[in-house]
Amino acid sequence: MLDVAIIGGGLCGLALATQLQARKTEFALFEARDRLGGRILSVSCETARMAVDLGPAWFWPQIHPRVARLVDDLALSAFPQSESGTVLHLSDPNSRPKPLHVESLHGGAFRIEGGAGALVSALASRIDPSRLHLSWIATAVEDRGDHLRITLRHHGEPREVQARRLVLALPPRLVAERLSFSPELAEGLKEALRQAPTWMAQQAKVVMGYERAFWRDAGLAGNALADHPQAVLGEVFDASDSQSRRAALGGFLALPPATREAFRAGLPMLVRSQMVQLFGPEAQRDEKHYQDWASEAFTCSTLDRSLPATTPRYGDPLLVAPHWSGRLLFGGTETARYGGGYMEGALEAAGRLLSQLAADTAQPSPPGAQDAPLGQA
């Protein structure tokens with residue numbers, strides 16, 4: 001029997017797993033996808049000769065100390081987001097873009113050399129491969145008194161795992177929608193799960209690789225905003241490497257999920273048209289990589305298809321506290337008291353989970369208790 005089962009192989013689950021292994025805890029991690037990383041997704045772009053990020057890419061060292069420390073601990077490198085040059089503003093679909101006089105669009109953001117996926121690869125390399133299980137989809141959890149029985153599917157076949165404690169390092173809304181519990185979770189807890197919007201679930205991101213950073217020849221930053229009603233990309237940014245030897249531009253889709261789906265076949269042409277409008281004809285010689293997170297079954301819940309009315313507030317006390325006498329714990333960036341929604345939040349949640357697993361899990365950890373994994377400041 002496992003001491004700890006972790007469901008979810010994103011940054012939170014992986015960071016926790018590295019520390020459990022260091023403490024010689026009997027654990028296993030189960031990930032529904034056929035890859036690790038969750039919403040962290042770096043893919044190879046041949047034209048740019050680099051990895052590009054289709055999920056989170058930025059962190060801010062001054063306010064995200066756990067990520068900064070983790071980068072150092074893993075012997076990785078980070079570099080500041082390029083802001084040099086003129087920022088463009090496109091407010092009319094029939095006019096040329098105009099300069100936007102701003103000091104910075106990204107406020108001191110840094111990116112990780114080799115993409116954010118370098119964090120995932122480095123963490124995974126520290127974990128015994130026999131403890132990492134891909135394409136295992138959790139469907140049910142049953143409290144058996146002194147342990148939990150977890151039902152999963154692996155390539156369509158039902159499987160069962162028994163563990164004394166379970167960490168659900170998943171978006172809370174997916175937990176509420178996809179997992180059944182016996183006994184049923186308390187109504188207040190179910191509502192707390194439903195009220196935690198999944199960060200990035202509505203977003204779609206495109207990165208375009210080029211042979212060179214041609215926009216810089218014209219004194220442009222590669223950063224642009226478009227806010228007219230027909231805009232396909234709402235924000236564009238320079239996604240090149242630290243030395244600008246490898247060139248890329250990234251963008252966030254301005255279209256809502258339903259519209260993106262309706263125009264899916266024509267999206268590459270629409271994106272290219274706007275990029276040419278912003279940066280000229282050289283922008284059409286690209287290699288596109290596109291990720292629509294709203295179409296990801298293991299990211300976006302049904303509730304996430306609707307925009308939240310306000311900026312999400314994470315770290316609900318019910319999601320931070322252990323349940324079922326300490327046998328059931330919730331993780332993921334949406335449960336973080338600090339940095340919720342960011343990579344920082346995933347590490348904050350992992351630190352809190354480690355403390356709870358190490359302590360008397362029959363009692364909730366006191367407020368502020370942390371024993372963070374790699375990356376704790």
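Analyst: Happy to! Strands (E, at least two residues) and helices (H or I, at least four residues) are DSSP runs, numbered from the N terminus, and two strands pair if DSSP finds at least two bridges between them. This is a predicted model, where local features need pLDDT of at least 70 and side-chain atom pairs count only at pLDDT 80 or more, while totals for chains, interfaces and linings use all residues. Residues are numbered from 1 along each chain as its sequence is written, and side-chain values use heavy atoms, with hydrogens and water left out.

User: In what order do the seven strands of the open sheet come?

Analyst: Strands of a sheet pair through backbone hydrogen bonds, either parallel or antiparallel. Here the order is β8-β7-β16-β17-β18-β15-β19, with mixed pairing. β8 (98–100) and β19 (287–292) are at the edges with a single partner strand each, so one side of each has no neighbour in the sheet. Within the sheet, β7 (residues 86–90) and β16 (residues 220–226) are parallel partners over four bridges, and Leu90 sits opposite Ala226 in β16.

User: Which strands does β13 pair with?

Analyst: β13 (residues 157–168) runs parallel to β1, joined by five bridges, and antiparallel to β12 (residues 148–154), joined by seven. Three bridges also link β13 to β20 (residues 328–330), again in parallel; there, Val167 has Leu329 as its bridge partner. Between β12 and β13 is a hairpin with two residues in the turn, where His155 has a positive phi of about 55°.

User: How do α1 and α10 cross?

Analyst: Two packed helices are described by the angle between their axes and the distance between the axes. Axes are lines fitted to C-alpha atoms, for helices over the stretch in contact, and angles run from 0 to 180 degrees between N-to-C directions. The axes of α1 and α10 come within 8 Å and cross at roughly 40°. Contact means heavy atoms within 4.5 Å; among the residues making it are Leu16 of α1 and Leu353 of α10.

User: Which residues touch the most other members of the largest nonpolar core?

Analyst: A nonpolar core is a set of buried Ala, Val, Leu, Ile, Met, Phe, Trp, Tyr and Cys residues joined through side-chain atoms within 4.5 Å, where buried means under 20% relative accessible area (1.4 Å probe, protein chains only). Of its 39 residues, they are Ile6, Leu11, Leu16, Leu20, Val167 and Met343. α10 contributes the most, with eight residues.

Conventions: Buried < 20%, exposed > 50% of the residue type's maximum accessible area, 1.4 Å probe, protein only.
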